[in-house]
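Hi,

Here is the structure I promised to pass on. Have a look at it first, and then read on for what turned up.

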Amino acid sequence: MKTKKIVLHFPRKCVNQPIVYRLIRDFNLRFNILKAKILPDEEGLMVMELSGDEEEFDKGVKYLSDAGVTLEPLSKDIKRDEEKCTHCGACIVICPTEALYAEGSERKIIFDSDKCIACELCISACPTRAMVLDF
């Protein structure tokens, strides 16, 4: 089983085609859309976690490339500087994937990097600048 978080850039000519549907139907791949901005007759962007059998995964990636979709790995990560974090919770309300959440009666902020889509919203929300972008 191969799993990767990838960024897809859809050219204008591709946004009205059932490209993601074909990943399921033709290549038996599973996906989780983490972030997307695709509008009719405009370029689109989608961040997804794609998984499936390695051979089918590679065929699906080739299909995307042949269809004109540009792929790149999700090459940036959000990291938290534990020494700077005061557990104020400002990041929780802004996080669209609930990668940041409060736990226990102490309301300690937990960061689940597996849920993070690197949207960077927490970086500007953090008053102590404990959330940083790591390339």
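This is a predicted model: local features need pLDDT of at least 70, side-chain atom pairs count only at pLDDT 80 or more; totals for chains, interfaces and linings use all residues.

Of the chain's 135 residues, 34% count as buried. Its C-alpha trace spans about 50 × 35 × 25 Å along the principal axes.

As for the fold, you'll find three helices and eight strands. Reading from the N terminus, the order of elements is β-α-β-β-α-β-β-β-β-α-β. If you take the contacts with a separation of 6 or more, 65% are between residues 24 or more positions apart.

Now the inside. In soluble globular proteins, nonpolar side chains tend to be buried together. The largest nonpolar core here has 20 residues, and those touching the most other members are I78, L100, F111, C122 and M131. Two elements give two or more residues to this core: strand 7 (108–111) and helix 3 (121–125). Leaving out residues up to four places away in sequence, I78 touches F111, C116, A118, E120, C122, I123, M131, V132 and L133. There is also another core, apart from that one, with 18 residues that include L8, V20, F57 and L64.

What about aromatic pairs: how many are there? The count comes to one. F27 and Y63 make up this pair, with 5.7 Å from centre to centre and 35 degrees between the planes, which makes it tilted. F27 sits in helix 1 (residues 19–27) and Y63 in helix 2 (residues 54–66), so the pair ties together parts that are 36 residues apart in sequence.

I33 belongs to strand 2 (residues 30–37). Why is I33 called partly exposed? Because its relative accessible area is 39%, and partly exposed covers the range between under 20% for buried and over 50% for exposed.

Happy browsing!

Note on methods
Residues are numbered from 1 along each chain as its sequence is written. Side-chain values use heavy atoms; hydrogens and water are left out. A nonpolar core is a set of buried Ala, Val, Leu, Ile, Met, Phe, Trp, Tyr and Cys residues joined through side-chain atoms within 4.5 Å. Buried means under 20% relative accessible area, exposed over 50%, partly exposed in between (1.4 Å probe, protein chains only). Helices (H or I, at least four residues) and strands (E, at least two) are DSSP runs, numbered from the N terminus. Contact means heavy atoms within 4.5 Å. Rings of Phe, Tyr and Trp (its six-membered ring) pair if their centres lie within 6.5 Å; planes under 30 degrees apart count as stacked, over 60 as edge-to-face and the rest as tilted.
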